[in-house]
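Please have a look at the model as it comes up.

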Amino acid sequence: MASASTPPSRRTGEICYGQPVVEYEKSLFFETSSANRVSRRSVLCGSQNIRVNKGKSIIESNALLRGDLSPISVGKYTIVERNVVLRPPYKKHKAGLAFFPLTINDHVLIEEDAVVEAISVGNFVTIGARSIIVRTA
């Protein structure tokens, strides 16, 4: 079933629509009242500013969500894989930095080791592994 290199939080089984079915070990996640699953090993800075909409979204281990900088909204049926950084975008001013809210819409897959620093990510988007999405100068 799973190889020795597969992390304990993920197990792959049969193939469905050309993709492996991934099963999660329930003890490593907590389920929110709105049926989302958040890894106990994820880092949620400023959790009062992080909103995960109702709809079975998953935030995997070592994901870093910087809600302490500005609000972050994650849509339904969104998967944030391991080692992803979600950081609100900013703009430099004479008085310092101004951070803006980050919105991840519905049905989004953010693959491993990606960094997202954008105003918004649309619906039905896949951000590839090790991608860096930031504003340009």
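Lysine 56 counts as exposed, at 51% relative accessibility, where exposed means over 50% relative accessible area, buried means under 20% and partly exposed lies in between, with a 1.4 Å probe and protein chains only. This is a predicted model, in which local features need pLDDT of at least 70 and side-chain atom pairs count only at pLDDT 80 or more, whereas totals for chains, interfaces and linings use all residues. Residues are numbered from 1 along each chain as its sequence is written, and side-chain values use heavy atoms, with hydrogens and water left out.

Lysine 56 sits in the loop between β6 (50-52) and β7 (58-59), strands here being DSSP runs of E with at least two residues, numbered from the N terminus. Although lysine 56 is not a glycine, its phi is positive, at about 60°. As background, most residues other than glycine have a negative phi.

Asparagine 62, in the loop between β7 and β8 (64-66), also is not a glycine and has a positive phi of about 60°. With 45% relative accessibility, asparagine 62 counts as partly exposed.

Turning to the sheet, five strands form an open sheet in the order β5-β8-β11-β16-β19, with parallel pairing, and two strands pair if DSSP finds at least two bridges between them. Because β5 (43-45) and β19 (132-133) stand at the edges with a single partner strand each, one side of each is left without a neighbour in the sheet. Which strand is joined to β19 by 2 bridges? That is β16 (residues 115-116), running parallel to β19, and valine 115 has isoleucine 132 in β19 as its bridge partner.

Note on methods: Helix = DSSP H or I, 4+ residues; strand = E, 2+ residues; numbered from the N terminus.
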